[in-house]
Amino acid sequence: MEFFNKYKNIMRLIISLLLFFFSYLVQLVPIFLFDIDVVNASDTTLYALQAFSNSFMAICIFLMYRKELISKFKEFIKNFWDMADISIKYWLIGLCAMAVSNILISTFSPVKIANNEAGVQDIITSVPFIALFLTTVLAPFTEEMIFRKAFRDVFPKKMEYILLSGIIFGALHVISSVTSLYDYLYIIPYSSLGIAFAALYYKTDNIFTSIFVHMLHNGILTILSIVGTGMILC
């Protein structure tokens, strides 16, 4: 039984990672069905396609973990205020580490903002409501399920899990948009938040604590960016 559970957890991690890297291929379905010209498509169409493929990934991950998710969600709701309190404490620690490292990097390197962040800002400027859905709902759920839940099921040792989860989470936010060696420095702030979320999940043993605070983090920053963009445009 123990061997079966270990094998199942490894397979779920592999499937989750494959979905993370290749779910964008699902966009081919609406592209062919509706004969979408992606070369000349509007930003709204392109980001709607991204929302479609990310939604597909989220549904697949939910179905893999549905029994555990339903059980943990009930537990989270029942103990919401206690869960929220500890979640926010861990988030603030991670946020402080992220802010300090961002300031140091932007001060002592020629790169003033992570390329990933610049890309997110482009989405917010072009399609704010789709951006809100992508960053506040889909990304927190899928990222926490993969880098927190799936990783912990395979790597149960505390420090091994927390460091692997946090550093891989941080690295994958950076390496896909690297244009210079300085860009790799931004793995540090992203990993800081990832480590905080991993430690939170390890502490509470409820994935909805890290999903909740990840949604809170992304939601606040996205709304502030939308409002800021709106103020600039006005």
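A search of the whole structure, a predicted model, returned one cavity of 30 Å³ or more. The volume of this largest cavity is about 40 Å³. Its lining is formed by Ala114, Asn115, Asn116, His173, Val174, Ser177, Val178, Asp183 and Tyr186. Sorted by class, these lining residues comprise four nonpolar, four polar and one charged.

Two or more lining residues are given by each of several helices, namely H1 (2–22), H3 (43–78), H4 (80–108), H5 (115–126), H6 (128–154), H7 (158–172), H8 (187–204) and H9 (207–233). The largest share, seven residues, is contributed by H5. In terms of class, the lining of the largest pocket holds 24 nonpolar, 20 polar and three charged residues.

For the second largest pocket, the volume is about 180 Å³. The residues that line this pocket are Tyr65, Glu68, Leu69, Lys72, Met145, Lys149, Arg152, Asp153, Pro156, Tyr201, Asp205 and Ile207. At least two of the lining residues are supplied by H3, and at least two by H6. The lining of the second largest pocket has six nonpolar and six charged residues, with no polar ones.

The axes of H4 and H8 come within 8 Å of each other and cross at roughly 165°. Because angles over 145 degrees count as roughly antiparallel, H4 is described as roughly antiparallel to H8. The crossing of H4 past H8 is right-handed. On the H4 side, the contact involves Met83, Ile86, Ser87, Tyr90, Trp91, Gly94, Leu95, Ala97, Met98, Ser101, Asn102 and Ile105. On the H8 side, the residues met are Ile188, Pro189, Tyr190, Ser192, Leu193, Ala196, Phe197, Ala199, Leu200, Lys203 and Thr204. By class, the residues of this contact divide into 16 nonpolar, six polar and one charged.

Conventions
Residues are numbered from 1 along each chain as its sequence is written. This is a predicted model: local features need pLDDT of at least 70, side-chain atom pairs count only at pLDDT 80 or more; totals for chains, interfaces and linings use all residues. Side-chain values use heavy atoms; hydrogens and water are left out. Helices (H or I, at least four residues) and strands (E, at least two) are DSSP runs, numbered from the N terminus. Ala, Val, Leu, Ile, Met, Phe, Trp, Tyr, Cys and Pro count as nonpolar, Asp, Glu, Lys and Arg as charged, and the others, Gly among them, as polar. On a 1 Å grid over the protein atoms alone, a cavity is a set of points where a 1.4 Å probe fits but cannot get out, and a pocket is an open set with protein on both sides within 12 Å along at least five of seven lines; lining residues have an atom within 4 Å of a point. Grid points are joined across faces, edges and corners, and a volume is the space filled by probe spheres set on the points. Axes are lines fitted to C-alpha atoms, for helices over the stretch in contact, and angles run from 0 to 180 degrees between N-to-C directions. Angles under 35 degrees count as roughly parallel, over 145 as roughly antiparallel, 65 to 115 as roughly perpendicular and the rest as oblique. A crossing is left-handed if the near helix is turned anticlockwise from the far one by less than a right angle, and right-handed if clockwise. Contact means heavy atoms within 4.5 Å.
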